[in-house]
Amino acid sequence: MRVQMEINGIRTESNTDATTLLSDFIREEAGLTGTHAGCDTSNCGACTVLLDGRVVKSCTVLAVQAAGRKVTTIEGLGDANDLSPVQYAFWKKHGLQCGFCTPGMIVSAYALLQRNPDPDEEEIRNALAGNLCRCTGYVKIVESVRYAAKLTREGKTPFRAAARRRKEGEIHGPPGESL
Ligand code: FES
Ligand code: FES
């Protein structure tokens, strides 16, 4: 069957089975491999995306259920040359090790900050309760989200500001080196 949805602002359409998971559609039809499939049993949260702005585990949603709707994946928040404040905060505060859980963590954290710009530790841990990390423990992850909240509240985008200064020749080196 023909399924169409908007992923990160881009209309995406493909022939797919009625049983195709949204996570598989995102990875295989849209080619967006930042959404990870860690378990396919709704436990790990590595596949977390936003569906019409709400957090969902995309392995628990059929692609046909997302037809005509808006999906936001980690790639929709920023990329390696244009890190959003939450992505930047995870990088700066070392909120990851292997990174497998990180896209889902960041999408959940982003959604939290959209509805609560100043969450306390308990609220952060609750918001990330569906996202499992096997590497880091959660201290650095919580720290990253708190830092992201601060940046977001203050309207700061350090990575983007540095990229702009680099483009204008004020600073040199690869993205992030001067931060
Ligand atoms: S792959 Fe979806 S929750 Fe683990
Ligand atoms: S950083 Fe490895 S699973 Fe979270």
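Visitor: Which helix does Ile-141 lie in?

Guide: Helices (H or I, at least four residues) and strands (E, at least two) are DSSP runs, numbered from the N terminus. Keep in mind that this is a predicted model: local features need pLDDT of at least 70, side-chain atom pairs count only at pLDDT 80 or more, and totals for chains, interfaces and linings use all residues. Residues are numbered from 1 along each chain as its sequence is written, while chains are lettered from A and ligands numbered from 1 in the order in which they are written. With that in hand, the helix that holds Ile-141 is α6.

Visitor: Is Ile-141 buried or exposed?

Guide: A residue counts as buried if 20 or more other C-beta atoms lie within 10 Å of its own, exposed if 12 or fewer, and partly exposed in between, with C-beta atoms placed from the backbone. Ile-141 has 26 other C-beta atoms within 10 Å, so this residue is buried.

Visitor: Leaving aside neighbours within four places in sequence, which residues is Ile-141 in contact with?

Guide: Two residues are in contact if their C-beta atoms, placed from the backbone, lie within 7 Å. Once the neighbours within four places in sequence are set aside, the contacts of Ile-141 are Gly-95, Met-105, Leu-128, Cys-133 and Thr-136.

Visitor: What separates the C-alpha atoms of Ile-141 and Thr-157?

Guide: Along the chain, these two are 16 residues apart.

Visitor: Met-105 belongs to α4, I see. How many of the 14 residues of α4 are buried?

Guide: The list includes Pro-103, Met-105, Val-107 and Leu-112. Those buried residues pack against β3, β4, α2 (74-77), α3 (85-92), α5 (121-127) and α6 (139-153). Helix α4 is largely enclosed by the rest of the structure, because its count of buried residues is 11 of the 14.

Visitor: What distance lies between the end C-alpha atoms of α4?

Guide: The expected span of a helix is 1.5 Å times one less than its number of residues. For the 14 residues of α4 that should give 20 Å, which agrees with the model, where the ends are apart by 20 Å.

Visitor: Which helices do the buried residues of α3 pack against?

Guide: Six of the eight residues of α3 are buried, so this helix is largely enclosed by the rest of the structure. Among them are Val-86, Tyr-88 and Phe-90. The helices they pack against are α2, α4, α6 and α7 (158-167).

Visitor: How many bridges join β1 to β2?

Guide: β1 (residues 2-7) and β2 run antiparallel. Met-5 stands opposite Thr-12 in β2, and Arg-2 has Asn-15 as its bridge partner.

Visitor: Which residue in the turn between β3 and β4 has a positive phi?

Guide: β3 and β4 run antiparallel, joined by four bridges, with Val-49 opposite Val-56. They form a hairpin with two residues between them. The turn residue with a positive phi, about 50°, is Asp-52.

Visitor: Which strand gives the largest share of the side of domain 1 that touches domain 2?

Guide: An automatic or database domain assignment sets the bounds, giving domain 1 (2-76) and domain 2 (85-167). The contact takes 15 residues from domain 1 and 11 residues from domain 2. On the domain 1 side, β3 (48-51) and β4 (54-57) each supply at least two residues. The largest share, three residues, comes from β3.

Notes. Two strands pair if DSSP finds at least two bridges between them.
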